Amino acid sequence: MKKLLYLSTAISLIFMACGDKDDEKRDMQRPSITDKGIEVSPSNCQSFKRGDSIPFRYVFTDNEELGAYNIEIHNNFTHHTHSTAKEDCDLDTEKHPVNPWVYNHDFAIPQNSTEYTADFNIPVPKDKDVGDYHFMIRLTDKAGWQEIKSVEIKITE
Amino acid sequence: MLATILATVAVSLSLYGAMPLQDRVVPCEADTFFVVDTVSKYDSIVLLDDVKISGHSEKDFQMTSSQNKVQVNREYLEDNFTGSLSQTLEIVPGVKAISIGSSQSKPTIRGMGFNRMAVAENGIKHSSQQWGDDHGLEINQFEVDKVEIIKGPSALQFGSDAIGGVMNLFTNYAPLKDFEGSFLLTGRSNNQHLGLSAKIGGRSNKLFYKAGISVADYADYKVTADSIQYYSYWIKLKDKRLRNTAGKEYDADIMLGYIGKRFHTDIKISDNFSKSGFFADAHGLEVRLSNIDYDKSKRDICLPYQQVNHLKILSHSVLSVDKINLEANVAYQNNLREEHSEPISHGYMPTPDNTKERMFNKNTYTANIGLSAFISENNTLQGGINTELQKNDIDGWGFIIPTFSTLSLGGYLFDKHTIKENFIINGGIRYDYASTHIHGYSDWYKTPVGWNDSVYKQRSEDIKRNFNSLTYSFGLDYNIDEWIFKVNMGKSFRIPIAKELGADGINYHIFRYEKGNSSLDAEQSYQLDAGIKYTDSRIAFQADPYVNYFPNYIYLNPTAAYTEGLQTYYYTQAEVFRYGFELQVSYLITSYLQAEFQTEYLSSKQLSGPKKGYSLPFSVPWSMDCGLRYTFDKNKSGFIAINIHVVGDQNEIVPPEKTTEGYWILNMQASKRFRIGKNDMKVALQIKNILDKRYFDHTSYYRLIDVPEPSRNISLSIGYNF
């Protein structure tokens, strides 16, 4: 029995000794998509007219270094949803897409940024289907963590 | 509580009795699938020693190999049956299940899962879609007579993939009587699961047969939450049930054999079919709403769902001549998997016209020849040749892995030398050659490029690669009094899989852009294991520490970049160092009462590459079990046990994982065997999460979308052997 006690103590000591020392600094935090100091756009349930443009204004922050972001717009005519908002928007009746608007662009963020304000306009094509759309914002940091925000918008005549 | 489960069993029984399985009205189920042959499987009980770490045969077993091996017999499996074999085997320290839902899961040994461990049936590697984190194992647990788990490198016997270890299932026990059989009825309260398994077998002179059939049907499972919060999105649950996680499973098998004095041969055909729903409110990591009325019934299986059929034909023969044993194993396996979901457009992909998102059809042919020669009383030499041909075809509108075919050849030599009765050394060497052909794949829809052009984008190149690998292992066993010491050192490897070499596109299941790397090398791993074991009449103690080094671990690295709107991940290789241990102690307080304690710890770290300093995905957190077990009588006809399962925090994560807080849950088990004339009946009861605690399992597939683990689950099984 005594032998056993010695042995288990020895084993535990060995493992405690080689426990993690955390010498490397690792980024363990996700970036954020925020409204810091500005009024964000687009916001949930907002409507935009065909031929006009959607002003895009959001503030991105990260503890170490921001990576890149992407904006993707696709239709929600069949009501699959990714909204990250708690409120529900009024959706049009379900329909099949005929000539839906697809927008998908990747954007760079200047190196070594921990905060970045995106501010530009996205033109809405004149000839695409009106209806409910998803406006997806995806943001990464340098380490590969990602934050996603989805906004429900409506395109009208 | 007991009343609830008995009622569930009774209701389900009457339901089953009233209508044939196929005819039951299932609201959203449009399709009926291939009906499994009603002939087949199951052996009749051959009761082995208890898995308890004591007893002479256990010592003999341990002295047969310097590898760290654990045997789990049928009795022990029966006492611990859960929704799937991998989950059932979580009782073995070092074994964990990566679960998706209540009845689909795949095992990991010391944190190594997917293609980094092998599952074998009667020595033949099980070949399914091991790479997928939402795929199960496709093996019927009721068919298994015994499980032998080898923790540590096992390339020598099994070739590629057996890095973390091997789960070797034995389903070929020969019946002992002219005619025998058994029934096992299982019910589970949480997902209103009902299962029935029946088998018969018999032996006449030198011939024997076995046949079995199993059916299981379960409803959506319950969690300890009214709603799921994911990316600040609220998914409200009806009656705390996880929408559309219901499923069913049908299995059948048949085996014929001949046992002569010098020659033994058997052939076994088995088929496993399962269909189960994926959680309806998220597809992969994507939250989704649908018009399907999921809440209409908790037993229906709607879109999205998966269905898999695994057909296996195994032939095993042994010829003994003087001091030589010749063994031949030949097998054919077909794994047909389909994943269906509601068609929707995404990015430039238009809305598909059907629900077949993915299909994989894998055919595997295996032929192994082995020879053991008892050269002298103290020396046994073993050698063998393994060949395997795999072809995996794909279909469906969602691309994830390309079509591929792989031919593998391997040869090994292994020698065991007994220096003294209590001191055995062994060593072996193996050479493998593998040739893999990955077929090119292009999208079925066009993607715009430049201003006015569009193309069918190529998602996978046509690649041909050859791999060579030299592996070895050596070790020793030493026994003195109540102690056994083992040391084993081994090198193992795996050839990169098609996804790692050839992927170049969106993984719609997890919503990321994955880029393969056609120049990846075969992954190599060096592992040093030790085992220290002490057993006397009261105490059993076992400690199994290990260190493990990968010079080129294949890792899917998340980057900051985007491709086609999704985060880009690429396959790369990095040095990885891991270490850990398992520890078990049991103490017999009185001859009826035993205290049990076990714990396991594992740490891994990337030493180079873009994620230097980080851990690996799905890292198993530290855990501990403390239990008391009371045996009813000297004949061991029954027991009752209570156990506290404690799991530590997991803060060692890599993107896109989330840290998982530790938890503890209380479980209990009891079983009793009754004699009825010449036959016997066994009743087993299990309650998991007695206190109905809310907790998250770091290695559960649904962890990423913040779904807690199942709430209290009471399982009852009644078995009858004749």
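A salt bridge is a side-chain nitrogen of Lys or Arg within 4 Å of a carboxyl oxygen of Asp or Glu. With that in hand, welcome to the close-ups. This is a predicted model, in which local features need pLDDT of at least 70 and side-chain atom pairs count only at pLDDT 80 or more, while totals for chains, interfaces and linings use all residues; side-chain values use heavy atoms, with hydrogens and water left out. Residues are numbered from 1 along each chain as its sequence is written, and chains are lettered from A and ligands numbered from 1 in the order in which they are written.

**View 1. Glu514(B) and Lys499(B) meet in a salt bridge.** The N to O distance between these two side chains is 3.2 Å. Glu514(B) belongs to strand β30 (residues 512-515) of chain B and Lys499(B) to helix α6 (residues 498-502) of chain B, so the pair ties together parts that are 15 residues apart in sequence. Helices (H or I, at least four residues) and strands (E, at least two) are DSSP runs, numbered from the N terminus. Glu514(B) is buried, with a relative accessible area of 1%, and Lys499(B) is buried too, at 9%. Buried means under 20% relative accessible area, exposed over 50%, and partly exposed in between (1.4 Å probe, protein chains only).

**View 2. Glu339(B) forms salt bridges with Arg337(B) and with Arg358(B).** For Arg337(B), the closest N and O atoms are 3.0 Å apart. For Arg358(B), the N to O distance is 2.8 Å. Glu339(B) sits in strand β18 (residues 324-340) of chain B and Arg358(B) in strand β19 (residues 356-376) of chain B, so this pair ties together parts that are 19 residues apart in sequence. Glu339(B) and Arg337(B) are both buried, and Arg358(B) is buried as well. Over all chains, the structure holds 43 salt bridges.

**View 3. Strand β22 of chain B pairs with β21(B) and with β27(B).** Two strands pair if DSSP finds at least two bridges between them. Strand β21 (residues 404-420) and strand β22 (residues 423-438) of chain B run antiparallel over 16 bridges. They form a hairpin with two residues between them. To find your place along this pair, look for Gly411(B), which stands opposite Tyr431(B) in β22(B). Another 16 bridges join β22(B) to strand β27 (residues 463-480) of chain B, and this pairing is antiparallel. Here Gly428(B) has Ser473(B) in β27(B) as its bridge partner. Strands of a sheet pair through backbone hydrogen bonds, either parallel or antiparallel.

**View 4. Five strands of chain A form an open sheet.** Their order is β2-β8-β7-β4-β5, and the pairing is mixed. The edge strands are β2 (46-49) and β5 (103-108) of chain A, each of which pairs on one side only. From one strand to the next, the twist averages 25°; for such angles, axes are lines fitted to C-alpha atoms (for helices over the stretch in contact), and values run from 0 to 180 degrees between N-to-C directions. Within the sheet, ten bridges join strand β7 (residues 131-141) to strand β8 (residues 146-156) of chain A, and these two run antiparallel. One spot to look for is Gly131(A), which stands opposite Ile155(A) in β8(A).

**View 5. Chain A has one helix and eight strands.** Starting at the N terminus, the elements run α-β-β-β-β-β-β-β-β. Of the 157 residues of chain A, 46% count as buried. Contact means heavy atoms within 4.5 Å. Among contacts in chain A between residues at least 6 apart in sequence, 77% join residues at least 24 apart.

**View 6. Chain B has six helices and 39 strands.** Buried residues make up 61% of its 722 residues. Among contacts in chain B between residues at least 6 apart in sequence, 68% join residues at least 24 apart. Confidence is given by pLDDT, the predictor's score for each residue, from 0 to 100. Chain B averages a pLDDT of 87, and 91% of the residues score at least 70. Over residues 1-27 of chain B, pLDDT stays under 50, and the model has 35 contacts beyond four places in sequence for this stretch. Residues 29-55 of chain B also have pLDDT under 50, with 91 such contacts beyond four places in sequence.
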